[in-house]
Amino acid sequence: LDGVMQAPGGPEEDPTGGFKFGGWVVPHTDEVFGQAVDKMFGQPFDLLLGRKTYEIFAAHWPYAEGGDDTSIAKLFNSTTKYVATRSTMELTWTGSVALHDAAADVTRLKREDGPALVTQGSSDLIQSLLAHNLIDEINLFTFPIVLGKGKKLFGEGAKPAAFALKDNRVTTKGVTIARYERAGRWKSARVESQ
């Protein structure tokens with residue numbers, strides 16, 4: 001509820017800044033949640049990841065086929081992974097491409113004919129994309145918990161923008177799932193007293 005998006009998948013996933021609340025998604029998953037994830041990955045897509053999320057994913061997904069995560073693993077392993085990084089580290093996960101200027105490279109990719117770019121995690125990258133108005137759609141999963149501290153979805157660099165609600169549902173465990181599309185500039189109005 002407070003916008004924290006850090007370490008959803010496991011307790012040791014991202015302890016940056018002393019974060020101790022990792023693994024908060026799994027207790028809130030149900031069939032509706034699974035259907036929403038399947039729908040999100042049911043269209044052609046490439047992954048657009050920050051370096052830290054890439055490292056977490058690259059340590060898991062190439063080895064996940066044959067387990068409970070087989071369908072997502074096959075999708076992630078077969079798609080192109082664009083990785084925003086300032087590092088010269090070798091990207092060992094098959095199909096990985098380094099982006100050294102995230103804003104310019106994502107702008108270029110958006111002009112090309114290709115599948116949607118889907119970002120998961122990658123809080124630092126998301127801040128850069130928001131600051132450069134490069135996000136067209138947000139699939140927002142809001143969980144009925146407050147963590148208080150941690151990496152947040154909307155940081156100080158986010159520019160004012162309007163989004164329109166295109167789809168929404170609530171899971172049996174209270175997770176609100178909403179899909180928003182970019183809707184131009186934000187608007188203001190004065191509250192009229194009666």
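1. Strand pairing. Two strands pair if DSSP finds at least two bridges between them. In this predicted model, four bridges join β1 (residues 45-50) to β2 (residues 81-84). The two strands run parallel. Within this pairing, G50 stands opposite A84 of β2.

2. The sheet. β1 and β2 belong to an open sheet of four strands. Its order is β3-β2-β1-β4, and the pairing is parallel. β3 (96-99) and β4 (116-118) stand at the edges. Each has a single partner strand, so one side of each is left without a neighbour in the sheet. On average, neighbouring strands are turned by 30 degrees against each other, direction ignored.

3. A helix across the sheet. Helix α4 (residues 102-111) lies across β1, β2, β3 and β4. It runs at about 125 degrees to β3.

4. Confidence. The average pLDDT of the protein is 91. A score of at least 70 is reached by 97% of the residues. Among the elements, β2 has the highest mean, 97. Helix α3 (residues 70-78) has the lowest, 87.

5. Nonpolar cores. The largest core holds 30 residues. Those with the most contacts inside it are F41, Y54, W61, F76, W93, F141 and F143. At least two residues each come from α1 (31-40), β1, α2 (51-60) and α3. The largest share, four residues, is from α1. Apart from this core lies another, of 17 residues, including A84, A103, L134 and I138.

6. Around F76. Which residues is F76 in contact with, leaving aside its neighbours within four places in sequence? They are F41, F45, L47, F57, W61, K81, W93 and Q120.

7. The whole structure has nine salt bridges. One of them joins the side chains of K39 and D167, at 3.4 Å from N to O. K39 lies in helix α1 and D167 in strand β6 (residues 163-170), so the pair ties together parts that are 128 residues apart in sequence. K39 counts as exposed, at 54% relative accessibility. D167 counts as partly exposed, at 25%.

8. Charges around R108. R108 forms a salt bridge with D105, the closest N and O atoms being 3.9 Å apart. Both lie in helix α4, three residues apart, about one turn of the helix. R108 also forms a salt bridge with E112, at 3.1 Å between the closest N and O atoms. Is D105 buried or exposed? D105 is buried, with a relative accessible area of 17%, under the 20% cut-off. R108 is partly exposed at 35%, and E112 is partly exposed at 39%.

9. Salt bridges with shared partners join K39, D167 and R169 into one network.

Key. Residues are numbered from 1 along each chain as its sequence is written. This is a predicted model: local features need pLDDT of at least 70, side-chain atom pairs count only at pLDDT 80 or more; totals for chains, interfaces and linings use all residues. Side-chain values use heavy atoms; hydrogens and water are left out. Axes are lines fitted to C-alpha atoms, for helices over the stretch in contact, and angles run from 0 to 180 degrees between N-to-C directions. Contact means heavy atoms within 4.5 Å. pLDDT is the predictor's confidence in each residue, from 0 to 100. A nonpolar core is a set of buried Ala, Val, Leu, Ile, Met, Phe, Trp, Tyr and Cys residues joined through side-chain atoms within 4.5 Å. Buried means under 20% relative accessible area, exposed over 50%, partly exposed in between (1.4 Å probe, protein chains only). A salt bridge is a side-chain nitrogen of Lys or Arg within 4 Å of a carboxyl oxygen of Asp or Glu.
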